[in-house]
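Hello,

Here is the structure we talked about. Please open it and keep it beside this email while you read.

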Amino acid sequence: MKSYLAAAIQMTSKPDLEKNLAEAEDLIDLAKRQGAELIGLPENFSFLGTETEKIAQAGAIAEQTEKFLKTMAQRFQVTLLGGGFPIPVSSDKVHNTALLIDPNGEELARYHKVHLFDVNVPDGNTYQESLTVQAGTELPPIYKSELFGCLGLSVCYDVRFPELYRSLSQQGAEVLFIPAAFTAYTGKDHWKVLLQARAIENTCYCIAPAQTGCHYARRKTHGHAMIIDPWGIILADAGEEPGVAIAEIRPDRLQQVRRQMPSLNHRVF
Ligand SMILES: O=C(O)CNC(=O)[C@H](CS)NC(=O)CCC(=O)C(=O)O
């Protein structure tokens, strides 16, 4: 593992595949020009619309999004995480899938979101992700990168389930990807706290790409894509506009924190 710059991209994705992919390309370009070598895109980066629209277009979204990720990783010579997009599993269900691609356009890791957001948020919005998404049944994978350290995958609502990240850190994860489309209502009180908790308790870096702003109808997301160090310090925060949070991931800092706070070695259960 070496020191390198990582980027967490922040977008306001809409129910418009072409437009979202064009915006994602601009932001990958921006991150690359600032020196990022490992780049994460948020959940629903290629399509954020109603469940009905998503299912109707799922085949096209899946095909074009996967092709896009491979093309971008090769064009910009970066390792790229697509933080969650639908891949059909039947005529009315998809997997909410995160995909990690290397600069040759090869797939490194794939994960199907396990925890589905079936929640009545107190602001009046109702989410029933399980209507259109089939939950994954396996814990997310890690990918041991020689250059970037051991990378662990997850998606959005997963961040509320610490046991998933325990599994990743137990497998050796050093950098946790937590791409999200957090609601504005829950995000204002929970997003930062949950991310810092996952970073601190696993002594891992967290790279958390995010959705921000108004997507359609009443669907509003929180923003604040961020990168957090293994001590829980926020190294970069994208605020509320589309853009990119960039920070240095340092193996010496990771080792220092793990020496100062060896809690991973003190686990009893
Ligand atoms: O709704 C869509 O259009 C697309 N789906 C999402 O954005 C996903 C599943 S509904 N959102 C979350 O998981 C939010 C979690 C969250 O906000 C929390 O845990 O508080």
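Start with K54. This residue is buried, because its relative accessible area is 11%, and buried means under 20%. Bear in mind that the model is predicted. K54 sits in helix α2. Its side chain reaches that of E51 through a polar contact of 3.1 Å. What else does K54 touch, leaving aside its neighbours within four places in sequence? The contacts are F47, I61, P86, V94, T132 and V133.

Here is a general point to keep in mind for the helices. An α-helix has 3.6 residues a turn, so residues three or four places apart point the same way.

Now look at D92. You will find D92 in the loop between β3 (79-88) and β4 (94-101). Is D92 buried or partly exposed? D92 counts as partly exposed, because its relative accessibility is 45% and that class runs between 20% and 50%. The side chain of D92 makes a polar contact of 3.2 Å with the side chain of S90. Leaving aside neighbours within four places in sequence, D92 is in contact with I55, L131 and T132. Take the pair D92 and T132. They are 40 residues apart in sequence, yet their C-alpha atoms are 6.3 Å apart in space.

Next, the pockets. The largest pocket holds about 550 Å³ of space. Its lining is made of 28 residues. Which of them lie nearest the centre? They are E51, F117, Y127, Y216 and R219. Two elements give two or more residues to this lining: α2 (51-76) and β7 (126-128). β7 gives the most, with 3 residues. By type, the lining has 11 nonpolar, 9 polar and 8 charged residues. Note E51 here: it is one of the residues nearest the centre of the largest pocket, and its side chain is the polar partner of K54.

The second largest pocket has a volume of about 150 Å³. Its lining consists of E18, L21, Q64, K67, F68, T71, M72 and R75. The elements giving two or more residues to it are α1 (17-33) and α2. Which element gives the most? That is α2, with 6 residues. The lining divides into 3 nonpolar, 2 polar and 3 charged residues.

Then move to helix α3, residues 162-170. Which of its residues are buried? L164, Y165, S167, L168 and S169 are. The cover over these buried residues includes the strands β5 (107-112), β8 (142-145), β9 (149-152) and β10 (175-177), along with helix α4 (184-202). Just after α3 comes G172, which takes a positive phi of about 115°.

Last, the record. UniProt lists residues 4-251 as "domain: CN hydrolase", in an unreviewed entry. In the model, the end C-alpha atoms of that span lie 9 Å apart. The span is 29% helix and 34% strand.

Best wishes

Technical notes: Residues numbered from 1 in each chain as written. Predicted model: local features only at pLDDT ≥ 70, side-chain atom pairs only at ≥ 80, totals over all residues. Heavy atoms only, no water. UniProt positions renumbered as here; feature names shortened; annotations may be inferred. Helix = DSSP H or I, 4+ residues; strand = E, 2+ residues; numbered from the N terminus. 1 Å grid on protein atoms, 1.4 Å probe; cavity = no way out; pocket = protein on both sides within 12 Å on 5 of 7 lines; lining within 4 Å. Points joined across faces, edges and corners; volume = space filled by probe spheres on them. Nonpolar A, V, L, I, M, F, W, Y, C, P; charged D, E, K, R; others polar. Buried < 20%, exposed > 50% of the residue type's maximum accessible area, 1.4 Å probe, protein only. Polar contact = N/O pair within 3.5 Å; in protein donor to acceptor, adjacent residues only side chain to side chain. Contact = heavy atoms within 4.5 Å.
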